[in-house]
Amino acid sequence: MSSNSLRDADIRYVLHPYTNLAAHEAQGPFMAMRGEGIRVFDENGKDYIEGMAGLWCASLGFSEPRLKEAAMRQFDLLPFFHQFNHKSHEPGILLAQKLIEMAPVPMSHVFFANSGSEANDTVVKIVRYMNNALGRPQKKKIISRQRGYHGVTVAAASLTGLPLNHRNFDLPIEGIRHTSCPHYWRYGQEGESEQQFTDRMAAELEEMILAEGPDTVAAFIAEPIMGAGGVVVPPAGYFPKIQAVLKKYDILMVADEVICGFGRTGKAWGSQTFDIQPDILSCAKALSSAYLPISAVMVNERVYEAVKKGSAEIGAFGHGYTYSGHPIAAAVALETLAIYEERQIFDHVANVGPTMQAALRQLETHPLVGNARGIGLIGALELVADKDHKVPFDPALGVGAQVVARAQDEGLILRSMAGDIVAFSPPLIITESEIEEMMARFNRALSAVTASLAVPV
Ligand SMILES: Cc1ncc(COP(=O)(O)O)c(C=O)c1O
């Protein structure tokens with residue numbers, strides 16, 4: 001099909017996720033036709049550095065031949081089998097074992113799903129199931145955070161703390177609460193030190209738990225670094241303080257490692273970077289370098305034992321997806337994890353990450369950049385109208401979106417989020433010189449938008 005008729009068919013038939021549907025009819029799609037390394041190419045052969053690794057996920061870039069070969073081998077051997085009713089298969093078993101070996105804290109068992117949302121939906125169900133099995137059916141509420149992102153299924157979207165995911169969907173569901181977002185630069189009060197802010201975050205969580213009744217609160221879920229909520233890096237000491245509160249009231253810590261898992265922060269897990277000891281951990285995305293959909297939920301022994309007890313009473317653990325642990329996806333994930341080890345990808349992130357972070361921090365002198373932040377190969381710039389007073393732009397101006405559109409003209413794909421926050425999350429294989437090229441393209445885009453806004457430089 002010609003690219004013009006593809007474009008027409010897209011507008012006519014595809015209901016696009018996370019897209020302004022009316023605007024799309026006028027604008028049409030950006031179509032990537034092929035990928036190579038950290039780049040994708042459009043229908044005219046123009047190259048774009050994928051500064052977001054797709055959706056924070058294509059960790060090995062867009063042309064890793066070993067993942068294709070791993071998929072083909074499994075296609076030939078056994079393209080489908082499942083894990084229901086005591087059935088199993090080799091890649092599913094090996095992947096579970098590998099994840100348990102890699103886990104940041106001792107974990108017991110792994111449940112597979114196909115997306116981050118399904119993984120977190122599963123977390124909600126496991127938490128309910130566990131507490132019913134333990135004979136404390138009132139202990140069910142889950143505390144998430146404002147601006148946290150945990151996906152879009154009915155339960156996962158309820159955990160998500162963003163208005164876009166609730167409005168018109170009649171969400172959140174019952175039993176979910178959202179506590180404060182640990183974005184010190186934005187929400188720190190006048191004269192409040194980072195440590196005082198962190199103490200306040202822990203105190204606000206404790207107040208919420210006490211107001212709800214500690215015996216009604218089952219779990220707390222958090223991303224080590226908030227992604228879609230604006231790449232919010234918590235202050236040092238935040239998670240240890242939060243976890244001390246959780247421990248006091250026997251509340252499970254759930255780490256949503258869907259973005260941070262598998263090297264994004266320069267260590268295998270964000271939990272290691274931020275000193276988190278999760279009872280339950282969800283992961284997806286870079287688990288398979290996003291080449292095939294697969295996600296996982298790891299639970300510790302205590303959670304596993306409770307779920308096992310419930311399943312024995314009822315007759316079965318009544319949860320699972322047809323494609324849970326799909327053998328081809330599992331084989332690709334196993335190969336992805338083998339590549340991470342062989343090429344020491346997490347160390348590579350720790351080595352090149354500072355180059356990207358320094359380039360972002362340097363931009364803090366730019367008149368539009370209020371705050372630069374990040375760690376490893378995840379970062380963001382928060383654009384503001386008035387730096388001294390952290391005054392945001394009028395959202396109607398769409399300044400972040402303008403910068404991202406201009407970056408695309410320059411051959412760089414990025415993402416802007418509510419609050420004119422521009423995110424960077426390139427493939428983990430990016431080299432120093434590619435980071436420099438990415439930032440050069442970005443700087444040209446930022447300069448062009450700055451000039452158009454007539455901000456004095
Ligand atoms: C932290 C986090 N959790 C969960 C999800 C949901 O994953 P999925 O889009 O695969 O359902 C995402 C997606 O971006 C995410 O960033």
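Predicted model: local features only at pLDDT ≥ 70, side-chain atom pairs only at ≥ 80, totals over all residues.
Contact is taken here to mean heavy atoms within 4.5 Å.

N114 is found in the loop between β4 and α6, the latter spanning residues 116–133. With a relative accessible area of 14%, N114 counts as buried, because the cut-off for that class is under 20%. Beyond four places in sequence, N114 touches P293, I294, S295, Y321, Y323 and S324. The side chain of N114 also makes a polar contact of 2.8 Å with the side chain of E118.

T160 lies between α7 (154–159) and β6 (176–179). Its side chain reaches the backbone nitrogen of H150 at 2.8 Å. The peptide bond that joins L171 and P172 is cis, with omega at about 5°.

Two further buried residues are located in helices. V303 lies in α12 and has a relative accessibility of 0%. Leaving aside neighbours within four places in sequence, V303 is in contact with I126, M130, L252, D279 and I280. V303 and L377 are 74 residues apart along the chain, and their C-alpha atoms are separated by 32 Å. A70 lies in helix α4, which comprises residues 65–77, and is buried at 4% relative accessibility. The C-alpha atoms of A70 and A330 are 9.7 Å apart, while 260 residues separate the two in sequence. With neighbours within four places left aside, the contacts of A70 are A331 and E335.

In helix α15 (residues 399–409), the buried residues include V399, G400, V403, V404 and A407. These residues lie on the same side of α15, because they cover an arc of only 140° around the axis. An α-helix has 3.6 residues a turn, so residues three or four places apart point the same way. The cover over the buried residues of α15 includes the strands β12 (378–383), β13 (412–413), β14 (415–417) and β15 (421–424), together with helix α16 (432–453). Just after α15, G411 takes a positive phi of about 85°.

Positive phi values are also found at residues other than glycine. Most residues other than glycine have a negative phi, and most peptide bonds are trans. Q344, in the loop between α13 (327–342) and α14 (345–362), has a positive phi of about 50°. W56 has a positive phi near 60°. W56 lies in helix α3, residues 53–56, and is buried at 3% relative accessibility.

W56 is also one of the residues that line the largest cavity, along with S59, I259, G261, F262, R264, A286 and L428. A search of the whole structure finds 1 cavity of 30 Å³ or more, and the space in the largest cavity is about 40 Å³. The lining of this cavity divides into 5 nonpolar, 2 polar and 1 charged residues.

The second largest pocket contains about 1,000 Å³ of space. Of the 30 residues that line this pocket, Q83, V110, F111, F317 and H319 are the closest to its centre. Helix α5 (90–102), strand β4 (109–113) and helix α12 (301–314) each supply at least two residues of the lining. By residue class, the lining of the second largest pocket consists of 15 nonpolar, 13 polar and 2 charged residues.

Technical notes
Residues numbered from 1 in each chain as written. Heavy atoms only, no water. 1 Å grid on protein atoms, 1.4 Å probe; cavity = no way out; pocket = protein on both sides within 12 Å on 5 of 7 lines; lining within 4 Å. Points joined across faces, edges and corners; volume = space filled by probe spheres on them. Nonpolar A, V, L, I, M, F, W, Y, C, P; charged D, E, K, R; others polar. Buried < 20%, exposed > 50% of the residue type's maximum accessible area, 1.4 Å probe, protein only. Helix = DSSP H or I, 4+ residues; strand = E, 2+ residues; numbered from the N terminus. Arc of directions from axis to C-beta. Polar contact = N/O pair within 3.5 Å; in protein donor to acceptor, adjacent residues only side chain to side chain.
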